Amino acid sequence: MPLAIKISLSISIIFVCLSSVLALLKPDTYLEVIFCDVGQGDATLVQMGTWQLLIDGGADSSVLRCLDNHVPFWDQTIEIVLATHAHADHILGLALVMEKYHTSLIMTNGLSSETADFALFEEAIVKQLVNGSQHLVVGAGAQFSYKQLDMNIIAPEQPFGSISIEAETELWDINTQLSQKISDHNEPSIATFVTFGDFGLLVTGDMYEAGELALIKQHTITPTTILKAGHHGSKTSSSLPFLLATEPEIVTISAGKNNQHGHPAPEVLERVDLIGAQVARTDLEGELHFITDGNQVVRKIAD
């Protein structure tokens with residue numbers, strides 16, 4: 001056998017073995033939840049083995065650094081990308097993610113925005129659709145599962161529209177299919193409840209207190225392990241009735257250091273303290289990394 005072929009085969013065998021070994025380092029017997037440090041924005045990575053759910057992506061490329069640190073280099077697919085709503089601090093980073101990774105499923109609430117940032121996000125979705133991805137507009141009642149993980153959408157109450165692609169459809173036509181436009185995107189944010197054994201994670205985007213109270217009234221709220229504070233810890237969210245209903249052990253706050261909005265609000269920190277939950281903040285601590293086996297939860301501190 002020629003030397004070049006032998007070397008090529010050897011390299012291939014080494015690469016296969018290396019990939020197999022590296023895969024063992026990402027077992028799917030536990031769940032990782034990473035609140036990426038993306039400044040004044042949101043990006044939550046839920047990872048089980050080499051399966052990923054990314055909820056929001058911040059306003060810049062910071063989310064890519066987070067993914068580089070946690071997604072194996074050979075894994076070029078993010079199974080689910082979910083945008084809670086159409087504001088730049090949640091979707092612009094997702095557009096960059098979809099430029100780098102293939103996405104099997106993209107979830108939105110169907111609401112569009114006449115901004116340059118949303119146009120970039122929409123264009124990224126269209127490219128993913130052309131390459132075989134699926135887009136779903138989701139509302140309360142949508143459910144998805146992966147092995148021991150369950151994902152339940154509990155808001156908004158009604159989905160707002162969808163993007164589809166047909167064989168003869170031009171890209172320009174697809175760009176017109178995101179349906180309704182509204183002035184305030186925070187309230188109809190997608191709220192997602194992820195469970196893994198006895199562990200629960202609740203992410204509500206920028207939903208206001210009115211939306212939180214509606215969820216309580218609809219009896220869709222159950223206790224959770226980790227609650228990501230709505231709207232970056234703004235006083236408009238994380239109401240006391242909501243905190244009492246969700247009974248979180250840990251409340252995470254994704255906000256930028258010394259941000260101009262004053263997030264998190266002192267009122268929110270007081271409410272969280274009142275119910276006895278722990279607080280973890282990206283503005284003070286950077287990335288927040290939790291690991292659970294479905295029973296116990298540990299906080300992994302960066303080296």
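Pro156 sits in the loop between β8 (149-155) and α5 (171-174) of this predicted model. Helices (H or I, at least four residues) and strands (E, at least two) are DSSP runs, numbered from the N terminus. The peptide bond from Ala155 to Pro156 is cis, with omega near 0 degrees. A cis bond also joins His263 to Pro264, again with omega near 0 degrees. Pro264 belongs to the loop between β12 (250-253) and α8 (266-275). Most residues other than glycine have a negative phi, and most peptide bonds are trans.

Residues are numbered from 1 along each chain as its sequence is written. Local features need pLDDT of at least 70, side-chain atom pairs count only at pLDDT 80 or more, and totals for chains, interfaces and linings use all residues; side-chain values use heavy atoms, with hydrogens and water left out.

His219 has phi near 60 degrees, a positive value in a residue other than glycine. His219 is exposed, with a relative accessible area of 70%. Here exposed means over 50% relative accessible area, buried under 20%, and partly exposed in between (1.4 Å probe, protein chains only). Phi of His232 is likewise positive, near 60 degrees. His232 is placed in the loop between β11 and α7. With a relative accessible area of 1%, His232 is buried.

Helix α6 spans residues 209-217, and its buried residues are Gly211, Glu212 and Leu215. Seen down the axis of α6, these residues fall within an arc of 105 degrees, so they line one face of the helix. The arc is taken over the directions from the helix axis to the C-beta atoms. An α-helix has 3.6 residues a turn, so residues three or four places apart point the same way. The face turned away from the buried side of α6 carries the exposed residues Ala210 and Lys217. Cover for the buried residues of α6 includes β8 and α7 (240-246). Contact means heavy atoms within 4.5 Å.

Thr29 lies in the loop between α1 (3-24) and β1 (31-35). The residue is exposed, with a relative accessible area of 55%. Thr29 touches Phe196 and Asp293, not counting residues up to four places away in sequence. Thr29 and Asp293 are 264 residues apart in sequence, yet 6.6 Å apart in space, C-alpha to C-alpha.

A search of the whole structure finds one cavity of 30 Å³ or more. The largest cavity has a volume of about 70 Å³. Twelve residues line this cavity, and the closest to its centre are Thr108, Asn109, Leu111, Phe118 and Phe121. On a 1 Å grid over the protein atoms alone, a cavity is a set of points where a 1.4 Å probe fits but cannot get out; lining residues have an atom within 4 Å of a point. Grid points are joined across faces, edges and corners, and a volume is the space filled by probe spheres set on the points. Helix α4 (residues 116-130) supplies the largest share of the lining, three residues. By class, the lining has eight nonpolar, four polar and no charged residues. Nonpolar covers Ala, Val, Leu, Ile, Met, Phe, Trp, Tyr, Cys and Pro; charged covers Asp, Glu, Lys and Arg; the others, Gly among them, are polar.

Methods: 1 Å grid on protein atoms, 1.4 Å probe; cavity = no way out; pocket = protein on both sides within 12 Å on 5 of 7 lines; lining within 4 Å.
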